Amino acid sequence: MNGLHTTPGYHGNPQDYQYVSDFLFMWGFLERKLTKRYEQHGKSLSIRFFNSVVDNDIEENSNDKIEKAFEFYKERYGKDNAEALRIRLRFRETGSEKDAPQLCINSFENKSPSPSEKFHCVAFIATRIRNNLFHGTKELQEINEIQDLLEMTTSGLQGIAIACDLASDPPV
């Protein structure tokens, strides 16, 4: 049997990390479909990508997956101010990420945020979660501690796929 627990030097317990695989495969699927649709070959999903390329093409109708992810993020991060959110999720202080934390906080504080605001908030936070997962040193315990975050973000990414009507695109 293969797996992390069979790796020489690994001393942790065998655990099911399916939630990490689900997140990674959903991210890869979404990235491939969107970059192909918008002929952005070689690009990756980013806050700039969601702001400039996808912005004009999302369905105004929200969906349950975006709604649930938005509410989860609101519960988790809604008490933060923009600077605290920037630090917690490691948003950059320049470029396209500069305003994203404040936009998310404004959406959380809005009594009835629009479907577009919810979409962007979920997309922005998912982007940071992906970047934070891929870059830097991680202990397995840290990944275990964010299982709920990764599961909900995977669901949010599915909601983005629905909002962008990716089912109508040719298979990749």
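Helix α1 passes helix α8 in a left-handed crossing. This is a predicted model. The axes of α1 (residues 18-37) and α8 (residues 147-163) come within 9 Å and cross at roughly 25°. Angles under 35 degrees count as roughly parallel, so α1 is roughly parallel to α8.

Which residues make the contact between the two helices? From α1 come Tyr19, Val20, Asp22, Phe23, Met26, Trp27 and Leu30. From α8 come Gln147, Leu150, Glu151, Thr153, Thr154, Leu157, Gln158, Ile160 and Ala161. Sorted by class, the contact of α1 with α8 holds ten nonpolar, four polar and two charged residues.

Now take α1 by itself. Its 20 residues, at 1.5 Å a residue, should span 28 Å. Which residues of α1 are buried? They are Tyr19, Val20, Phe23, Met26, Trp27, Leu30, Glu31, Lys33, Leu34 and Thr35. Among them, Tyr19, Val20, Phe23, Met26, Trp27 and Leu30 also belong to the contact with α8. Asp22 of α1 is part of that contact.

Next comes the backbone just after α1. There, Glu39 takes a positive phi of about 50°. Glu39 is not a glycine. Most residues other than glycine have a negative phi. Where is Glu39 found? Glu39 lies in the loop between α1 and α2 (47-54). Is this residue buried or exposed? Glu39 has a relative accessible area of 64%, so it is exposed.

Arg90 is another residue with a positive phi that is not a glycine. Its phi is about 60°. Arg90 sits in the loop between α4 (82-89) and α5. The cut-off for exposed is over 50% relative accessible area. Arg90 stands at 54% relative accessibility, so it counts as exposed.

On to helix α5, which covers residues 100-109. Ser107 has its place in this helix. Is Ser107 buried or exposed? Buried means under 20% relative accessible area. Ser107 has a relative accessible area of 3%, so it is buried. What does Ser107 touch, leaving out residues up to four places away in sequence? Ser107 touches Phe70, Pro113 and Glu117.

Methods
Residues numbered from 1 in each chain as written. Predicted model: local features only at pLDDT ≥ 70, side-chain atom pairs only at ≥ 80, totals over all residues. Heavy atoms only, no water. Axes fitted to C-alpha atoms, helices over the stretch in contact; angles between N-to-C directions. Helix = DSSP H or I, 4+ residues; strand = E, 2+ residues; numbered from the N terminus. Parallel < 35°, antiparallel > 145°, perpendicular 65-115°, else oblique. Left-handed = near helix turned anticlockwise from the far one by under 90°. Contact = heavy atoms within 4.5 Å. Nonpolar A, V, L, I, M, F, W, Y, C, P; charged D, E, K, R; others polar. Expected span 1.5 Å × (residues − 1). Buried < 20%, exposed > 50% of the residue type's maximum accessible area, 1.4 Å probe, protein only.
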